[in-house]
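Visitor: I am new to this structure. Please show me how to read it, feature by feature.
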Amino acid sequence: MLKQKNISVAIYARVSTREKQEVENQLRQLREYCQRCGHTIFNEYIDKESGAKGRSERQAFSQMFKDASKRKFDLILFWSLDRFTREGLQKTIFYLQQLDGYGVNFHSYTEEYLQSDNELVRNILLAVLSSLASIERKRISERTKAGLATVKARGKTLGRPTKQHLMNEIASLKEKGLNKSQIAKKLKTSRDTVIKYWPQQVN
């Protein structure tokens with residue numbers, strides 16, 4: 001529990017559109033927490049959106065960060081980290097580091113280790129989360145490379161086809177008796193493109 005008294009707190013609560021009734025459960029306990037600690041509630045920011053949505057898609061979340069940048073409060077109190085955001089580890093650490101840059105602390109009601117009022121704890125927490133985010137980025141990169149390698153191994157062309165590749169494909173399909181419209185449909189390109197690379201007769 002926070003030892004500092006009489007600080008200004010922004011309460012953030014979020015529920016999805018399918019669980020609107022649960023927001024009052026969050027708010028009641030967050031308000032009681034502030035009362036026990038002697039904190040002043042500056043404002044309550046409430047979103048009824050998926051936590052996977054970005055800042056621009058969550059109106060209250062976006063406004064809370066605007067107010068945080070102006071130091072209108074000292075601390076953001078939320079029920080749990082997944083109520084704060086579900087955009088992935090990289091976005092989460094970005095938001096927490098941004099709050100740290102504003103000089104605004106954060107505290108998770110149900111996850112006591114997720115609090116930044118203690119400088120040592122905050123530095124360790126942000127360092128650990130940054131490390132985990134780095135690992136996540138590396139894993140995503142590795143999965144992407146593995147996926148591209150698999151596609152390439154199956155003989156599929158990655159990216160836009162080269163001019164020569166397109167010309168060869170059109171010539172091959174023309175020899176099979178397909179007309180320009182049929183070739184365009186098969187190659188998922190325009191008929192004008194097929195006409196542009198249509199094999200020229202050699203005299």
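Guide: We will go from the overall layout to helices and then to single residues. One caution at the start: this is a predicted model.

Visitor: How many helices and strands does the protein have?
Guide: Count the elements before anything else. Here there are eight helices and four strands. Then read their order from the N terminus: β-α-β-α-β-α-α-β-α-α-α-α.

Visitor: What share of the residues counts as buried?
Guide: The protein has 203 residues, and 34% of them count as buried. Look at contacts next. Among contacts with a separation of 6 or more, 66% join residues 24 or more positions apart.

Visitor: Now the helices. How are two packed helices described?
Guide: Two values do it: the angle between the axes and the distance between them. Take helix 6, residues 163-175, and helix 7, residues 180-187. Their axes come within 10 Å and cross at roughly 130°. The crossing of helix 6 past helix 7 is right-handed.

Visitor: Which residues make that contact?
Guide: Helix 6 brings Leu 166, Glu 169, Ile 170, Leu 173 and Lys 174. Helix 7 brings Ile 183, Lys 186 and Leu 187. Sorted by class, the contact has five nonpolar residues, three charged ones and no polar ones.

Visitor: Which residues of helix 2 are buried?
Guide: Helix 2 spans residues 59-69. Its buried residues are Ala 60, Phe 61, Ser 62, Met 64, Phe 65, Asp 67 and Ala 68. Then ask what they pack against. The partners are strand 1 (8-14), strand 2 (40-47), strand 3 (75-78), helix 3 (81-84) and helix 4 (89-102).

Visitor: What comes just after helix 2?
Guide: Arg 71, with a positive phi of about 55°. Arg 71 is not a glycine, yet its phi is positive. This residue sits in the loop between helix 2 and strand 3. Arg 71 is partly exposed, because its relative accessible area is 42%.

Visitor: Where is Lys 188, and what is its phi?
Guide: Lys 188 lies in the loop between helix 7 and helix 8 (191-196). Its phi is near 55°, again a positive value in a residue other than glycine. Lys 188 has 79% relative accessibility and therefore counts as exposed.

Visitor: Let us turn to a strand. Is Ser 108 buried or exposed?
Guide: Find its place first: Ser 108 is in strand 4, residues 105-108. The cut-off for buried is under 20%. Ser 108 is at 0% relative accessibility, so it counts as buried.

Visitor: What does Ser 108 touch?
Guide: Leave out residues up to four places away in sequence, and Ser 108 touches Phe 78, Trp 79, Ser 80, Leu 81 and Leu 114. Side chains can also pair up. That of Ser 108 makes a polar contact with the side chain of Glu 111, at 2.7 Å.

Visitor: One last residue. Where does Ser 16 lie?
Guide: Ser 16 is in the loop between strand 1 and helix 1 (22-37). With 18% relative accessibility, Ser 16 counts as buried. Now set sequence against space. Ser 16 and Lys 48 are 32 residues apart in sequence, but 5.1 Å apart from C-alpha to C-alpha. Not counting residues up to four places away in sequence, Ser 16 touches Glu 49 and Arg 83.

Key. Residues numbered from 1 in each chain as written. Predicted model: local features only at pLDDT ≥ 70, side-chain atom pairs only at ≥ 80, totals over all residues. Heavy atoms only, no water. Axes fitted to C-alpha atoms, helices over the stretch in contact; angles between N-to-C directions. Helix = DSSP H or I, 4+ residues; strand = E, 2+ residues; numbered from the N terminus. Left-handed = near helix turned anticlockwise from the far one by under 90°. Contact = heavy atoms within 4.5 Å. Nonpolar A, V, L, I, M, F, W, Y, C, P; charged D, E, K, R; others polar. Buried < 20%, exposed > 50% of the residue type's maximum accessible area, 1.4 Å probe, protein only. Polar contact = N/O pair within 3.5 Å; in protein donor to acceptor, adjacent residues only side chain to side chain.
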